[in-house]
Structures are given as C-alpha cells and as structure tokens.
Amino acid sequence: MGKTIIISNRLPVKIAVKDGNYTFQASEGGLATGLGSIYKNGNSVWLGWPGLFVDNEQQKKEIDKKLEALNLHPVYLTNEEINQYYEGFSNEILWPVFHYMSTYARYENSYWEYYNVVNKKFCDAFLKIYQPGDVVWIHDYHLLLLPKMIRTAQPLATIGFFQHIPFPSFELFRLLPWRAELLEGLLGADLIGFHTYDDARHFLGASSHILSVKSSLNTVLHDDRKIVVESFPMGIDDKKFIGLTNDKEVLQHIEHLKNSFTNVRLILTIDRLDYSKGILQRLQAFDLLLENRPDWREKVSLYMIVVPSRDTVAMYKELRNEIDKLVGNINARHRTNTWTPINYFYRSYPIEMLSALYQFADVCLVTPMRDGMNLVCKEFVASRVSHDGVLILSEMAGAAKELIDSIIVNPNNIVEISHAMLAALNMPATEQQRRMKQMQELVSKYNVHHWVETFMHRLNEMEKPRQVEVSKYLNFFTGQYIRNRYVRAKKRLLLLDYDGTLVNFATDINAVSPDKELLDILQDLVNDEGNKVVIISGRQHTTMEEWFGNMAVDMVAEHGVWLKKAGGNWEETIQFNVDWKKQLLPILKVYSDRAPGSFVEEKSHSLAWHYRGVEGGIGEFRANELMGNIRYLIADQPLHMLQGNKVIEIKSSEINKGKAALAYITGGHYNFIIAIGDDVTDEDMFKVVRPFGITVKIGTNKSAAAFHFNNSKEARALLRNLPSKLLITKILDKLIHILPYPSFGREG
Ligand code: GDG
C-alpha cells in the first residue's frame with residue numbers, strides 16, 4: 001500500500017524565527033489534529049505553502065530539511081502569487097461567491113491567471129513525491145484545479161477532494177466567469193466531499209447544468225470515469241477539549257473570569273474576522289435586547305473575540321471599522337460605571353483561554369450568514385463537561401444539520417436572535433442538560449477521527465472500480481451463438497434474477513407476480529433434465545415460495561440468506577446478528593413519512609427503503625439524503641448499503657448474490673452457465689460468473705456483465721428460444737472468435 005499525500009494551501013505548521021534560526025512546530029488546528037492520525041504515522045506526507053516568503057536558495061534547503069523531518073513538503077510562493085492567487089482569486093472571488101455574497105466578488109483576470117499558475121506549482125511539487133499506489137487527499141477551494149492537473153499527469157492516481165466551505169446553488173455558481181474550468185478541475189477527483197448534503201447536491205446540480213455531465217444519485221460520469229460526490233460532516237477532537245477542562249492554566253483563567261464577571265451572565269462569540277460570520281447582525285441583536293429589556297442591563301455581557309484575518313483585503317478592513325464603530329456606539333449608549341455591555345477583543349488567544357471561555361460562558365452565540373461547518377460551536381459543546389450552557393446556532397452553518405438541540409436562528413433575523421438570547425438566558429437547567437447531553441453524544445461520536453476514517457475508507461474503496469465497465473448489446477448474432485452453446489451443453493446452470501429481469505419493473509412491488517408466459521418459459525427450461533434453473537433474488541423467501549413453490553426450480557432469496565433446492569425446504573444459509581436493524585429502522589421510517597409513496601420493507605437480514613412510487617425527482621432527492629445519513633451511521637459496522645433500482649437496501653456485507661452464485665458454480669461441473677440480472681445487486685453475481693459463463697445485464701451497458709439487453713422482454717425471448725436448433729453452427733463458432741466480442745466464459 002502506498003502513502004497518503006495530503007495537500008492544502010497552508011502546511012499545518014507554526015514557524016518561528018529566532019536569531020536567524022527557524023523552528024517548526026506542528027500546529028493544533030482542527031484539520032492538523034484530525035489528519036495527524038494519518039500524517040504523522042510515517043506513511044503520509046503533507047504538501048502546502050509554509051506561510052513565509054523565502055527567496056534565498058540556501059534558506060529553502062534548510063527549511064526543506066527541517067520540514068521533511070515532520071513529513072511536510074513546502075510549496076514556495078512569491079508575494080505576488082499570494083496576492084493574486086490567495087487574496088485575489090481565492091478570497092475575493094471564490095470566498096464571497098461560495099458564501100452567497102457575490103456582490104463582494106471582483107472578477108479580475110490576473111487573479112485567474114495566477115490561480116492557474118499556483119495550482120500548477122502544487123501539481124509539479126506533488127509529481128516529485130508521488131509514486132503509483134499513493135492516495136491523494138486535496139483540501140479546499142484554493143486548489144480546485146489541482147485534481148484535474150494531477151489526473152492528466154497521472155491518470156491512475158486515486159484522488160480525493162474535500163471542500164471546507166459551502167458549495168453554492170447553481171444560480172450563484174453560474175456567475176463565475178470560469179465556472180466550467182473550475183468544475184472540470186474538481187471532476188479530476190475520484191471522490192469529492194462536502195460538509196453537508198446540500199453542498200453535494202449543489203455541486204451535482206452545477207455539474208449537470210454547466211457541463212451536461214450525467215449524474216445519478218451521488219455519482220457523476222465524466223470522461224469515462226465515475227466520480228462519487230458525498231457529504232462528510234467534519235467533527236472536532238472532542239477529547240482534546242474535554243482534557244483541557246482539567247488543565248491548570250485553564251482553571252486559572254476561569255478564576256479570573258469569575259472575578260471579573262460577578263453577577264453578570266456571559267454570552268460568548270468567537271470568529272475569524274469575516275463578513276460571512278454575521279458579526280454586525282449579532283451586535284445589532286444584542287443592542288435590541290438591551291433596548292427592549294432594560295431589566296437585563298448590567299446583568300448580561302457579550303464577550304466577543306474576533307480573530308484577525310485577511311485584513312490586507314479591503315473588504316475585511318472595512319468590516320473591521322464597522323465592527324469597531326458599532327461596538328463603540330452600543331457601549332457608549334448602554335454602559336454604566338460598573339458594567340460594559342460588550343467586551344470586544346480583536347486578537348487571537350491561546351487555546352487555554354478559549355477553553356476557559358467555553359466553560360465559563362452561559363451562552364455561545366454562533367450566527368454566521370453562511371458557514372461550511374463551523375467548529376467553534378462543536379468546541380463549545382465538547383467543553384461543557386457539566387452538561388449545562390446553551391448554544392444559539394445559525395441555520396446557515398453546516399453544523400445546524402447535526403446540532404439540532406441548539407436554538408436554531410436565521411442570522412438575518414435580528415429580532416429572532418435577540419429572542420433566542422433571552423430564551424437561552426432563561427432556559428431551565430434540566431432543559432439545558434437534556435439538550436447539551438444530546439449534542440455531546442453527537443460531537444463525541446462523529447469526531448474528527450471518525451471524519452478522517454470515513455473519508456479515507458471511502459477513498460480507498462474508489463481505487464477498484466475507477467474504470468467504468470461497459471457491456472456489449474446482445475444482438476441477433478451473439479444470441480444465435482449462445483443458443484448454439486446451450487444446445488451443445490449437457491449440464492447447464494441458469495442464474496436468473498427476478499424483478500426487472502424476468503418481469504418488468506413496476507411501481508407496486510406486489511403487482512409483479514409471474515404471468516403465464518413467464519411460468520411457461522421457466523417450466524420448459526425445468527423440463528429439460530440437463531438444466532438447473534435458479535431464481536436468485538433480493539425478495540423475501542415467503543414471496544418467492546408463493547410464486548414458484550410448485551415449480552422444480554432452485555430459489556435463492558434475500559440475496560443469498562435463504563435457499564431452497566428444487567423439491568426441498570427453505571434453509572437459512574447464514575445466521576447473523578441483526579441488532580443493527582433496530583437502530584436503522586426508525587430512520588428509514590422517518591424517510592418513508594417524508595416521501596409520500598415510499599415504504600420500508602423489513603426482511604430477516606436486511607432493511608430496504610423503496611421509492612418506486614415517489615413523485616418525480618423527490619425520490620432521488622430523499623434517497624441521496626438518506627444514503628448520506630446511513631453511510632455515516634454504518635461506517636464502522638460490517639454492513640453494506642446497496643443502491644438498487646429505486647430502492648436502498650442495507651444488509652450485512654457478508655451477504656451478496658456473488659457468494660450465492662459461486663456456491664452453485666463450485667463443483668457443479670456445468671458446461672453452460674448464464675447469469676441474467678438488472679440492478680446493482682446483480683453486479684456481484686456478474687463478477688463471479690463472468691470467467692465461467694455468459695453474463696447479461698438488463699437496462700444499461702454500465703456493468704461488469706459482458707452483454708446487455710434493453711428490457712426483460714428481450715431476456716424472455718432469449719430464454720424461450722434457447723433450446724431451438726441452429727443451422728449455421730460451424731460458421732458462427734469460427735466468426736465469433738475472430739470478431740471483437742467480450743468473453744462468453746469457458747465452454748466446459
Ligand atoms: C473553515 C470553514 C469549517 C478561533 N479563534 C481562535 C482559535 N480559533 C479556532 C477555533 C476553531 C477554528 O479556529 C475556526 O474554525 P471554524 O470552523 O469556526 O471557521 P473557519 O476558520 O472559517 O473554517 C468552516 C472549517 O473550515 C473546517 O472545515 O467549519 O465552515 O469556513 O477551531 O477554535 N484558535 C486559537 N485562538 C483563537 O483565538 N488557538
């Protein structure tokens with residue numbers, strides 16, 4: 001297994017210069033901590049800008065050496081490059097547009113040129129350390145062009161991309177003059193991750209509108225490659241924040257805070273200086289609270305930390321001035337000799353101070369206009385070891401999708417925020433504890449390590465089926481040849497899926513019992529003693545018994561859990577613990593309530609959510625959302641989620657039709673084998689059968705099967721005509737081996 005190469009704009013290091021010497025220390029930021037588990041283990045490296053300008057070659061060598069000891073590789077950028085690519089294109093174009101503030105964007109052509117140049121620089125640096133088998137994980141909007149650049153240079157590389165900021169809806173994204181190039185750039189990856197399902201959906205929407213790529217559910221087909229787009233909500237290192245609550249320095253800070261804020265309740269806000277964070281609106285809401293409720297004056301203070309950021313960009317300078325003015329104005333109007341309404345700090349603090357504030361404050365107010373995720377709110381929750389405190393959270397933060405026990409507000413609604421502050425200050429202790437415990441459970445379970453593991457696990461899965469397999473249409477000519485093989489063989493195995501294969505797909509799953517024509521075709525096949533006919537389905541065994549119980553066919557139900565040999569009884573082939581069903585069933589039920597026409601089917605070893613009956617795109621929409629949730633929940637369990645035709649099924653990863661098919665093939669000494677199926681669950685069967693026989697997919701040519709038909713009518717016709725005698729046997733046999741046909745499997 002190769003190494004993992006992490007790439008981000010900045011390296012996760014703190015660099016200090018003392019007496020002309022550089023010292024390097026890995027930083028503790030969320031990303032660095034999370035990825036630390038993989039990048040420090042020796043089999044990973046991190047590539048990025050070291051955060052300082054170096055034009056002296058000797059110095060570069062020294063820095064290279066020091067960084068290498070930390071598994072870090074620098075990409076040196078010039079002052080001009082940082083101005084144009086980072087401050088310009090990334091922060092004056094992409095940042096505002098992606099945060100729905102497009103009027104702040106400045107579409108300068110030179111920014112775009114530098115963005116290309118710097119992405120290329122990253123690509124060149126990457127190619128120097130890449131070896132086949134390495135896995136690449138690129139981070140964030142500074143490097144949107146990099147996946148394609150790497151793909152072009154290394155077509156077989158496994159590339160993951162994660163975007164930390166929101167992906168806007170198509171109507172916003174289309175404003176970008178370079179929208180197509182940016183999407184093309186991203187689609188060089190195999191796996192593209194966002195914090196929320198909405199971001200993923202927006203990306204899929206933009207891709208299909210702008211590039212006309214084909215996308216179904218969470219997959220895009222582009223340049224004959226399959227790209228998976230999913231949500232991976234990022235977590236924090238909760239243990240670190242819990243650990244800090246016992247730190248001596250932190251406890252001292254808390255003592256100081258207690259002395260400074262006696263009899264005053266504290267509302268805490270912490271953000272980088274950014275117009276996306278809703279700082280001005282939050283100040284207005286606090287002002288409104290003090291205006292409307294004079295009884296709260298001298299009883300509550302806002303403790304506001306704004307961390308300096310990008311203050312060389314004009315927009316940010318302006319914002320800072322506005323904050324300064326508004327804070328001054330509010331304080332001037334409301335303050336008394338003993339009380340300051342807003343304690344405002346424009347600086348960054350050591351983490352020990354943050355921890356003290358997270359623990360000491362009564363309320364944490366997080367109200368961004370837009371935020372990819374927002375980690376501050378999760379850090380506040382993790383730090384509340386006494387389980388009290390209230391979180392007020394903007395519905396526009398990615399975290400609002402998870403922290404549903406916070407007080408959720410619209411950050412533009414000043415009145416609502418001021419009411420939320422009052423509600424938080426008045427919330428009874430029992431209510432605070434109930435909400436806080438729920439949120440803590442979530443923050444702890446879905447922590448940053450879980451995030452890294454889930455992403456890496458999914459990315460490693462990508463390695464295998466990167467190349468889309470394509471089958472050939474089973475035409476008249478090849479059909480004749482198959483009949484020829486059938487007639488010649490003495491012992492034959494027919495593995496037949498049911499829904500979508502032997503019968504057409506129908507909206508009502510109970511309305512597709514076998515018709516007379518089908519029963520006649522199967523009976524004719526069964527009558528030939530040389531044939532072993534197996535109906536291999538995901539259906540429940542009771543249904544199959546009802547339909548085929550009187551026929552001398554073998555039946556495999558629930559993808560291989562149940563087996564009945566012709567004339568025998570049903571046997572449960574495998575026994576598994578199915579306790580996981582209790583956890584997932586309520587979630588599937590919620591989705592069936594939210595999508596009229598859908599329903600949950602509980603089988604002995606699996607759960608299925610069917611949405612054949614759901615109107616238009618709503619089914620796909622909900623299915624995507626559900627899959628995002630389920631994937632997250634089952635990440636560390638031996639379960640597998642299947643996307644079938646209008647159905648999502650969760651079952652043990654040990655069960656699949658491939659295993660059931662293999663059991664038949666092994667030791668069966670068949671000299672003719674055919675497997676016919678229509679959906680993703682049949683792909684396992686095709687992979688197993690293909691070396692030994694003929695594999696036919698119904699409906700589409702994207703399959704591991706060698707051949708495909710357009711519908712079940714064609715499949716029935718083939719089965720009906722298999723036994724008919726042929727006239728041109730010899731010529732056909734010769735021709736078929738000259739022409740470029742895919743494998744028909746061996747003829748025993
Ligand atoms: C981007 C996305 C997404 C803050 N002040 C101090 C300090 N911090 C730390 C916090 C927190 C981090 O900085 C801020 O993270 P956020 O998630 O809140 O916001 P962004 O910086 O905008 O991050 C965001 C994130 O990427 C991850 O994907 O959630 O949506 O915009 O960890 O604790 N740390 C120290 N002193 C401070 O004064 N030491």
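Start at the ligand and select strand 12 (265-272), helix 13 (351-360) and helix 14 (376-383): each supplies at least two residues of the shell around the ligand. Helices here are DSSP runs of H or I with at least four residues, strands are runs of E with at least two, and both are numbered from the N terminus. Keep helix 13 highlighted; with three residues, helix 13 gives the most to this shell.

The model is predicted: local features need pLDDT of at least 70, side-chain atom pairs count only at pLDDT 80 or more, and totals for chains, interfaces and linings use all residues. Residues are numbered from 1 along each chain as its sequence is written, and side-chain values use heavy atoms, with hydrogens and water left out.

**The ligand shell**

Now show the whole shell. It has 20 residues, and the closest are His 164, Tyr 349, Asp 371, Asn 374 and Glu 379. Colour the shell by class: eleven residues are nonpolar, five polar and four charged. Ala, Val, Leu, Ile, Met, Phe, Trp, Tyr, Cys and Pro count as nonpolar; Asp, Glu, Lys and Arg count as charged; the others, Gly among them, count as polar.

Next, zoom to the polar contacts, which are pairs of N or O atoms within 3.5 Å. Pick Arg 272: a polar side-chain atom sits 2.9 Å from an oxygen atom of the ligand. Move to Gly 372, where a backbone N or O atom is 2.9 Å from a ligand oxygen atom. At Asn 374, a backbone N or O atom lies 2.8 Å from an oxygen atom of the ligand. On its own the ligand has 740 Å² of accessible area, and the protein covers 79% of it. Areas come from the Shrake-Rupley method with a 1.4 Å probe.

**The domains**

Colour by domain: domain 1 (4-231), domain 2 (238-445), domain 3 (472-574 + 656-738) and domain 4 (580-652). The bounds come from an automatic or database domain assignment. Domain 1 and domain 2 each give at least three residues to the ligand shell.

**The largest cavity**

Leave the ligand and turn to the cavities. On a 1 Å grid over the protein atoms alone, a cavity is a set of points where a 1.4 Å probe fits but cannot get out; lining residues have an atom within 4 Å of a point. Points are joined across faces, edges and corners, and a volume is the space filled by probe spheres set on them. Four cavities of 30 Å³ or more are counted.

The largest cavity has a volume of about 270 Å³. Select Asp 499, Gly 538, Arg 612, Val 647 and Asp 679, which lie nearest its centre among 23 lining residues. Strand 27 gives the most to this lining, with three residues. By class, the lining has five nonpolar, seven polar and eleven charged residues. Domain 3 and domain 4 both contribute to the lining, so the largest cavity lies between them.

**The second largest cavity**

Last stop: a volume of about 80 Å³. Its lining includes Tyr 197, Leu 204, Glu 230, Asn 624 and Arg 631. Select helix 22 (618-634) along with helix 8 (197-210) and strand 11 (225-231); each gives two or more residues to the lining. Helix 22 gives the most, with four. Domain 1 and domain 4 both supply lining residues, so the second largest cavity lies between them.

How values were computed:
Near = heavy atom within 4 Å. Polar contact = N/O pair within 3.5 Å; in protein donor to acceptor, adjacent residues only side chain to side chain. 1 Å grid on protein atoms, 1.4 Å probe; cavity = no way out; pocket = protein on both sides within 12 Å on 5 of 7 lines; lining within 4 Å.
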